[in-house]
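Biologist: I have a new model open on my screen and would like to learn how to read it. Could you walk me through it, one feature at a time?

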Amino acid sequence: MRDLGAEPPPSEQQSTGRLFSDVGAWRAILLAGLAVTLAFVVTALPIMVSGRNPLLAYWALLRGAVGSVDAVAFAFNKSTPYVLSAVGVAICFRARVINIGSEGQLAVGGVAASWIALHLSQLPSLLLIPVSLVAGGVAGAVWACIAAVMRIKRGVHEVLGTLMLNFVGTLVVSEVLHGTMGEPGAGFPQSPLFPQSAWLPSLFPGTDMHVGIAIAVAAVVATHRLFWHTPFGFRLRLLGSGDNVAAYAGASLVRGMLQVMLIAGGLAGIAGAIEVLGVHYRLIEGFSQGFGFNAVAIALLAALNPLAVLPAGLFFGFLEAGALAMQREIGVPSSLVFVIQGLTMIFVLCAMGVGFKQQRI
Amino acid sequence: MDATVLIELLSATVRIATPLLFVALGGLLSERAGTFAVGVEGMMLTGAFGGAITAFASRSLPAGLLASALSGAAIAAIIALATARFRADHMVTGLAANILAIGLTSFLLRGLFGGKTPVIVLPTLRPLAVPFLSGLPIVGQVLFDQPALTYAAFLLTIPIHFFLMKTRAGLTLRAVGENPAAAFSVGADPIRVRVAAIVACGALAGLGGAVLSLQELGTFTDGMTHGRGFIALAAIIVGRWMPFRVMFGCLLFGAASALALNIQGWGLPVSSYVIQMTPYLIALAVLCGIGRRARMPAAIGKSFTRS
Amino acid sequence: MLEMRGICKRYGTVQANRNIDLTVPQGRILGLLGENGSGKTTLMKVLFGMVAADAGTIIFKGRPLTDHRPGDAIAAGIGMIHQHFMLVDAMTVAENVMLGWKRAGLWLHTREISQLIRNASKTYGLDLDPNAVVGDLSLGQRQRVEVVKAILRGADLLILDEPTSNLSPPEVAGLFLVMRRLRNEGRSVIFISHKLGEVLEICEEVVVLRDGEVTGQCLAANATRSDLARMMVGRDISALVQRPAFESRKEILSVDRLTLRDRSGFERLRDITFSLNEGEILAIAGVDGNGQAELVDVIAGLKSATSGRISLAGQEITSEDVRARLTAGIAYIPADRATTSLVPGMTIEDNLGLRDFDRPPLRRGAWLNRVAFRREANSRIAKFGILCAGPNALVQTLSGGNQQKIVVAREIGRRPSVLIAFQPTWGLDPGATRFVIDEVLSLCHGGGAVLYVSSELEEVLTLGDRIGVMFNGRLSRVFGRGEVDMTRMGLMMAGHDEGPDREDGGKS
């Protein structure tokens, strides 16, 4: 007979504690929607404090986001780096690796792509662009690996490691702009304009929307496939489930961490490349600002589900695009959008904490 | 290197370490009780904002200081609620709070002033020379001719140390961070202790922000903390979660920054941006050097559930 | 001093305590003897206020104790030393004692408390240094810190729950000395254990529990080991299954002098030696915590032994990892479903492929062969009768029995040459239990060998072709089925060694 005074076997605890019958994607969507709505409601308070009408503000936000073809194109462009970096962060979190270094990885990715664009400008467009993108990806992957190695070899927590590297990465951009890649005589730290052959083509002629979003979509689909349909992805899911079961099934923590950071860094690096090749057409100081934490927020909102990162990232991108319009028209500062993002994250985290955990692992 | 340069460097070290020290001491309390203090950057920024706005509006420095502590505590309260009560993940909640703080401070800065970025100019705190002691060679100028908040920060290390090590409440706090079940078995409430620690952390980190906006720069600008909160976190690790060692950790990073600032005038063939990187690189190097020997509170980051 | 009358406690469908009466006079060391599930820990949790009894009364020092919590029990004078210590490793002995103790003052009176500790140390022979860091102390010393905590808070009755499970013999002797001194000072001790020898050595009176009831009560001086063992485990076993007599076949697994020392240096496995033949079941009984978990983990490859060798079909596999052993043909059903053998958040299909996902047929090139996953899952679900909404359902939606079926389907379904089953019927209803046993048997009929480790005595006695008992990290002499009965098993499980003929090593 079992010793019933002792703790019930862990399986009992699990199944009696949190039993969800038929947990589906709908639940995750509902949760995300709820968190966002709540965030908007709460954010109405500071808007009112500043003497503005929240409804007018939100209406301006909406119009700024989707009100015209140009607005939509702008929003898609804005969403692209978010989606790319967030999908990498999502699989990192799935493997219990907390990577907040997208900003630094994006920055060095931009630097690498810029270097290629400026120094290999004799290449035809068909080669120049892919090479630049790949260079960006490699740079970002290497940057992420530094943090991973520090964690593996010296136990430096990846939060602090990736964070510090964010700052260093941004400074690398400034450094090269004041040195070898800077445009002499420019009033602002920036590189010379890239040759047209390096510019990302637009997806729909006549609009500003560049092919970056297509790359982002491809990345999302590829990551989804990788995560759910390969042994590699299976191993990541095991790593995220716990040390015991990972050991039982033979998944190595060290290899998994390195692999997942490489991917995330690579994706963020490509995002950086897209920014310089498709939005600014040059390397400018501060182009990577703010991407790190947003990626985390988007990944959370998507419940760490690669496919869901697309709508979540688009949401953030459209939100920020609209916020700029909102600031212009109503005078509500665009930084409000960070408030919404921060609150959304917190609400999602609370819900996850009390048991609405991400569903299928 | 002649004496004046040295004195200036050391003096700058102490000065720059001051905001770090407030934040690090606060973070120390939170982490010793078992919650990663990742949100201190947001707490610091909010404190800087609250202090600046209040001092600007009320023309009263004490009001500004109080407001800074309360602002930081407010952000901390949100984190405390989410992590202790809702069992949200510590790391990511802290990050979320940082985002929230950036947005909120940025927004309110404009929102409270009719939508345009105001120009806030505040009188910064002047150094207060300690009579007689400030006359000592070198040490006098470095240690005893600093603004009031600097004295406050360094002196604060003493009561924090005694609180943690010599009082029963501090003992309980440390136990909650090491083995909450053991603390629970002798009648403590780990959740309440953690919430209190996080809020205290917020107040102190807010004061750290006040040092920036009220003592150093006399204004508030978007994101002015610029990662100092995270450097403070590194200082906590360097100081192995002990108050006096954390103080030295802050001085270490203060020295790195002071060096970075001053070195530009020395005409070395190193670009200013590389120099700006040094505090972060040093932080990483030190963390790597300490490696796994850093023994953090055993139960840090683990939610406590009453079973 | 203590009088418990008619204590009843039910957990779900199981009656953990049935009308138990217990009386402890002052100045007495009383032993509470029983195996896993006898109800002894529940009874003490009721006494200490950690759980509320369904019925019954408790009178302590003349005053009734009802609806009380641990804080009230401590205040009344009851101290409990749990099996798993509630100590802060990073702090000193003095700090641990002062934790949560009002007497220590707002500003810690460390010196005063340290002196108290030293005094108590001397009186009771505890040999504790107040300034020592608990993390550096041995398990025996840490236990004594818990004792001094209880004494200084004024405990007149001390409850020790399986206190010797992690102690070396000299530490056990030390503990007994302390207990005697406590008794001499007029305090009482309740000594909960499954170890006969110790109970007889230190206790003056023994109460035996089985299946939630008191099956015996006597003075230690009058009791014989056999009597006590019978009271502890004796019951009717309905033969679960008729097993044909076993003819010896080829040896498939050989374990030689396996030893495992854990991080604190304590020997969890001592010189384990045995062999396993094709088609046979070697069943190992024993009370939890005597090294079984370590043994199965080492053989399955999740832990590395400190010394010793393991060979499979003649090849040495001692340093092979989990995957290699799996490929070589060792399947493993661990005791813990939720965190080791299954991922509750994954689908049934994925869980069935948990161990083979990066090999064909589940893998095709760089991709998972989802078609194969589905095919395997469907066939296993049908074959093993797993009740579920389909292969896409999450495992956490299944009952415990069905979850275990998945593990069984996965591990046994691959027809391994050796199956290690650890507590495979834990938490299962009779139907599911039957299923698991049937599968194990069919594996044997097909030539597979099984190492069946369980604290379920019926299963061990009826399933095992050969039977051994683990106690304190050692494996007893291995008997053939029919050579050993309940009483003898009880004796071995309680630590009464069989004597000199252990060189045999179980290789029969």
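Modeller: Gladly! We start with a definition: the radius of gyration is taken over C-alpha atoms, and the globule rule is 2.2 Å times the number of residues to the power 0.38. Please keep in mind that this is a predicted model.

Biologist: What radius of gyration does chain A have, and what would a compact globule have?

Modeller: For 361 residues the rule gives a radius near 21 Å, and chain A has 22 Å, so the two agree. Along the principal axes, the C-alpha atoms of chain A fill a box of roughly 85 × 50 × 35 Å. Of the 361 residues in chain A, 59% are buried.

Biologist: How many helices and how many strands does chain A have?

Modeller: Chain A has 14 helices and 0 strands. As for contacts between residues of chain A at least 6 apart in sequence, 78% join residues at least 24 apart.

Biologist: Now the interface. How many residues of chain A are in contact with chain B?

Modeller: A general idea comes before the case: the size of an interface is often given as the accessible area lost when the parts come together. Here we count residues instead: 42 of chain A are in contact with 43 of chain B. Elements giving two or more residues to that side of chain A include helix 2 (25-49), helix 6 (125-154) and helix 7 (158-177). Helix 14 of chain A provides the largest share, 13 residues. By class, the side of chain A that touches chain B has 29 nonpolar, 11 polar and 2 charged residues.

Biologist: In chain B, at what angle do helix 1 and helix 9 pack?

Modeller: The general idea is that an angle over 145 degrees counts as roughly antiparallel. Helix 1 (residues 3-32) and helix 9 (residues 190-216) of chain B pack at about 175 degrees, with their axes 7 Å apart. Helix 1 of chain B is therefore roughly antiparallel to helix 9 of chain B. Among the residues that meet are B:Phe22 and B:Gly26 in helix 1, and B:Ala200 and B:Leu204 in helix 9. This contact has 15 nonpolar, 6 polar and no charged residues.

Biologist: And chain C: which domains does the assignment give?

Modeller: The domain assignment gives domain 1 (2-233) and domain 2 (251-493) of chain C. Their centres are 35 Å apart, taken over C-alpha atoms. Each domain puts 13 residues into the contact. On the side of domain 1 that touches domain 2, helix 8 (residues 225-233) of chain C gives the most, with 6 residues. That side of domain 1 divides into 5 nonpolar, 5 polar and 3 charged residues.

Notes:
Residues numbered from 1 in each chain as written. Chains lettered and ligands numbered in written order. Predicted model: local features only at pLDDT ≥ 70, side-chain atom pairs only at ≥ 80, totals over all residues. Axes fitted to C-alpha atoms, helices over the stretch in contact; angles between N-to-C directions. Helix = DSSP H or I, 4+ residues; strand = E, 2+ residues; numbered from the N terminus. Parallel < 35°, antiparallel > 145°, perpendicular 65-115°, else oblique. Contact = placed C-beta atoms within 7 Å. Nonpolar A, V, L, I, M, F, W, Y, C, P; charged D, E, K, R; others polar. Buried ≥ 20, exposed ≤ 12 C-beta atoms within 10 Å, placed from the backbone. Domains from an automatic or database assignment.
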